[in-house]
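I opened the notebook to write down what I looked up in this model. The entries follow the order in which I checked things.

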Amino acid sequence: GTTGDKNGIDRVEIEHNGELIVADLGAATKATSVPFTAEIFPATDGPVTFTVTTYDLQGNSTVLTRSF
């Protein structure tokens, strides 16, 4: 995925069905477009919920949740 903040990104956390995964931040040329990756193995049965939380350098966060 990609995330960004005008002052930079501290970290991205992904919660997958209750399991916390800290994403790896990639190299970015702009603070407003920071790539991130994480190795996730979805459950084979039942619903899946992902919650992605991005933290900026001041500790503010933005949360996005998707279920399928």
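Below are my notes on the fold, the surface, the strand pairing and the core.

**Ground rules.** I am working with a predicted model, where local features need pLDDT of at least 70, side-chain atom pairs count only at pLDDT 80 or more, and totals for chains, interfaces and linings use all residues. Residues are numbered from 1 along each chain as its sequence is written, and side-chain values use heavy atoms, with hydrogens and water left out.

**Overall fold.** I looked up the secondary structure and found zero helices and seven strands in the protein chain. The order along the sequence is β-β-β-β-β-β-β. Here helices (H or I, at least four residues) and strands (E, at least two) are DSSP runs, numbered from the N terminus. I noted a box of roughly 40 × 20 × 15 Å for the C-alpha atoms, taken along the principal axes.

I then checked contacts, meaning heavy atoms within 4.5 Å. Of those between residues at least 6 apart in sequence, 52% join residues at least 24 apart.

The accessible surface is about 4600 Å², and carbon and sulfur atoms hold 50% of it. These areas come from the Shrake-Rupley method with a 1.4 Å probe; for residues, only the protein chains shown count as cover. Buried residues are 26% of the 68 in the chain.

I have 4 positive and 9 negative side chains, with the centres of the two sets 14 Å apart. Lys and Arg count as positive and Asp and Glu as negative, while His and the chain ends are not counted. Each charge is placed at NZ of Lys, CZ of Arg, CG of Asp or CD of Glu.

I counted two strands as paired if DSSP finds at least two bridges between them. Two bridges hold β4 to β5 (residues 34–37).

Is Asp24 buried or exposed? I have it as exposed, because its relative accessibility is 53%. Asp24 lies in strand β4, and its bridge partner in β5 is Thr37. Leaving aside neighbours within four places in sequence, Asp24 contacts Pro35, Phe36 and Thr37. I also noted 10 Å between the C-alpha atoms of Asp24 and Val34, which are ten residues apart along the chain.

**Strand β6 and its partners.** I found β6 (residues 49–56) largely enclosed by the rest of the structure, because six of its eight residues are buried. Seven bridges join β6 to β2, running antiparallel; Val12 is bridged to Thr54 of β6. Strand β7 (residues 61–67) pairs with β6 over seven bridges, also antiparallel. There Thr49 has Ser67 of β7 as its bridge partner. β6 and β7 form a hairpin with four residues between them, and Gly59 in the turn has a positive phi of about 95°.

**Nonpolar core.** I took a core as buried Ala, Val, Leu, Ile, Met, Phe, Trp, Tyr and Cys residues joined through side-chain atoms within 4.5 Å. The largest has nine residues: Ile9, Val12, Ile14, Ile21, Ala23, Val34, Phe36, Val48 and Phe50. The largest share, three residues, comes from β2.

Last, I looked up Phe50. Not counting residues up to four places away in sequence, Phe50 touches Ile14, Glu15, His16, Ile40, Leu64, Thr65, Arg66 and Phe68.

Key
Buried means under 20% relative accessible area, exposed over 50%, partly exposed in between (1.4 Å probe, protein chains only).
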